[in-house]
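Please guide a new reader through the aromatic contacts and the backbone features of the structure shown below.

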Amino acid sequence: MCRKKGTPGPFPGQNLMHDSPTIDVRKLRIGLHVHLDLGWMEHPFPLNNFRISTEQQLETLRGLGLQRVRISPQRSDSTTLQSLVGEGVLSAEAAGVEAPAAAAADAAAPPVAVVETPEAAERRLRREALLAEQACAAQAERHYSEAGRVLRRSFEVASSQPQAAREQTEAQVNGFLDKVLGAQEMAIRLLNEGAGDRGSMHAINVTVISLLLGKQMELSKSEMFDLGTGAMLHDIGKIELPDRVRWLDPLSPSVSSHERQFYQEHVSHGVTLGRKMTLSPGALLVLAQHHEYADGTGFPLKLGADRMSAAAKIVALVNRYDNLCNPATPANALTPHEALALMYGQMKAKFDSAVFGAFVKMMGVYPPGSVVQLTDDRYGMVISVNSARPLKPCVLVHEPKQPRNEAVPLNLETTPTLGIRRSLKPQHLPRATLDYLSPRPRVCYFFERARETGAVDSQGSA
C-alpha cells in the first residue's frame with residue numbers, strides 16, 4: 001500500500017491491514033482483548049478473539065511462535081491499556097486513551113506488593129486449570145466436528161467428483177499430520193459423544209488412533225500419509241451399500257450368510273472408488289486389506305500377516321478395537337478397557353505381534369473412556385492418555401462437593417501416590433457417580449497436546 005509523501009504512517013505497533021494495534025507477544029497482559037490471525041488448528045483456544053484472563057493463557061499465547069498479536073483497545077481493560085501507554089508499548093492514540101499526566105511519576109514510584117493468600121492462590125490455580133481444560137475440550141471438539149464435515153463432503157462427492165474427494169481428504173490428513181508429527185508429545189482425548197455423527201465418528205476414531213500408532217512405530221512421513229488417507233477412507237465402499245446392510249454387525253449371529261457376504265463387498269467397492277480417486281498404492285492397500293487378519297481368518301482374501309502392508313496391519317487392528325467400543329448395536333458395546341482385554345485375551349493371534357504390542361503400550365491398560373476406581377477408592381473416568389507415557393492418564397474424578405461443570409481432571413502423572421485399582425462397567429457404579437461421570441455410550445477420540453505437570457492434584461490444589 002502506497003501513501004503520499006508527508007502522510008503520517010501508522011502508530012508504532014499498529015497494523016494497517018486490520019486497522020488495529022499490535023504489540024510484542026512478550027508485552028501481552030491480563031485484561032487485553034486479543035485477535036489471533038491463525039487457522040483454527042493452530043491454537044488451543046475456543047475462539048480466535050478473547051480477553052486474556054489468566055497467566056496460563058499468557059503462557060500459551062507466548063508459546064504459539066508469534067512475534068506480535070493484534071489487540072482491540074475498545075474491548076480491553078482501560079487500566080491495562082494505561083499501563084502499556086505509560087511504559088511506551090503503545091501510543092495513547094493507538095490505545096484510545098488519554099496520555100497519563102503523571103506517567104513519569106508513576107513509573108518512578110515503587111510497585112505496591114500484593115500478597116496472595118494460600119486460599120486465594122488455590123482458587124486461582126483451580127480457575128486457571130478449569131479454563132485451560134475447557135479450552136482444550138472446546139478446541140478438540142471443534143476440530144473433530146470439522147473433520148466430520150470434511151469426511152461427509154468427501155463421501156458425498158466420491159462417485160461424482162472423485163478428484164475433489166481425494167483433495168479434501170488429503171488436505172484433512174495433512175492437517176492431522178501437522179499435529180501428530182510435531183515435536184510435542186500427543187495424547188488421545190475422549191470427547192463428548194455429540195462431537196460427531198455415526199457416519200463419520202468411526203472413520204475419525206480409526207484415523208486418530210492409527211496415526212498415533214504409526215508415530216509410535218516410527219513410520220516415515222510418506223507412510224504416515226498413506227496410513228492416514230487409507231484410515232480415513234477405509235469404509236468408503238459402504239456408500240454403495242443399502243442402509244440395512246451398511247450398519248449391520250457382521251459378527252452378530254442374527255446376520256444371514258447372504259447379508260454377511262453383501263456387507264463384505266464394501267471392500268471391493270472401496271477399492272474401486274479409491275482407484276477413481278487416484279489414491280496412492282499405499283492408501284489403496286489399506287482399503288483393500290483393512291478386514292484382513294494376521295492369522296489368515298479375515299476377508300476378502302484371507303491374506304495373513306506376511307502379505308499385508310504395515311499400514312493395513314495398523315488399521316485392521318484399530319478398526320476392530322473401535323468396532324468393539326462402538327458396535328452397530330449400542331447394547332453390545334464394550335468399555336475401552338474391556339475391548340482391550342478381550343483383544344489381548346482372545347484375539348491376539350489375529351493381529352501382527354509388533355503392531356499389537358505397540359498398540360497396548362500406547363493405549364495403556366485403561367484407554368480413554370474407561371471407568372475406573374482409584375487406589376483411594378474414588379471413582380473416575382479416564383479422559384486423556386499420553387500416547388508416550390500411558391500408565392498415568394488424566395481422570396475425571398467424582399467429587400460430590402464439586403459441580404460437574406467445574407471439575408478439573410486429575411493428572412495421575414503428577415500424583416505419584418495415587419493410581420488406578422481396577423476397571424468397572426458403568427452399570428456397577430453408584431447411581432450418583434454414574435450421573436456425575438456420565439460415561440459415553442459411544443466413544444469419540446481426538447488428538448491433544450500431552451498435559452504438562454502442574455495440574456490440580458487429588459485434593460484440588462496444585
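Which residues form one aromatic cluster? In this predicted model, the cluster consists of Tyr-144, Phe-176, Phe-446 and Phe-447.

The structure holds eight aromatic pairs. One of them joins Tyr-344 and Phe-356, whose ring centres lie 6.1 Å apart with 25° between the planes. This pair counts as stacked because the angle is under 30 degrees. It links distant parts of the chain, since Tyr-344 belongs to helix 14 (residues 336-346) and Phe-356 to helix 15 (residues 353-363), 12 residues apart. Phe-356 also pairs with Phe-351: the centres of these two rings are 5.9 Å apart and the planes meet at 10°, so this pair is stacked.

Phe-351 and Phe-356 are both buried, and the relative accessible area of Phe-356 is 3%. Tyr-344 is partly exposed, with a value of 48%. Lys-348 lies over the face of Tyr-344, at 4.0 Å from the ring centre.

The backbone deserves attention as well. Most residues other than glycine have a negative phi, and most peptide bonds are trans. Phe-299 and Pro-300, however, are joined by a cis peptide bond with omega of about 10°. Pro-300 is found in the loop between helix 12 (281-289) and helix 13 (310-325).

Positive phi values occur at Asp-377, near 80°, and at Ser-438, near 45°. Asp-377 is placed in the loop between strand 7 (371-374) and strand 8 (379-386), and its relative accessible area of 43% makes it partly exposed. Ser-438 lies in the loop between helix 16 (431-437) and strand 12 (444-449); Ser-438 is partly exposed, at 41%.

Definitions and conventions. Residues numbered from 1 in each chain as written. Predicted model: local features only at pLDDT ≥ 70, side-chain atom pairs only at ≥ 80, totals over all residues. Heavy atoms only, no water. Phe/Tyr/Trp six-rings, centres within 6.5 Å; stacked < 30°, edge-to-face > 60°. Helix = DSSP H or I, 4+ residues; strand = E, 2+ residues; numbered from the N terminus. Buried < 20%, exposed > 50% of the residue type's maximum accessible area, 1.4 Å probe, protein only. Lys NZ or Arg CZ within 6 Å of the ring centre and 35° of its normal.
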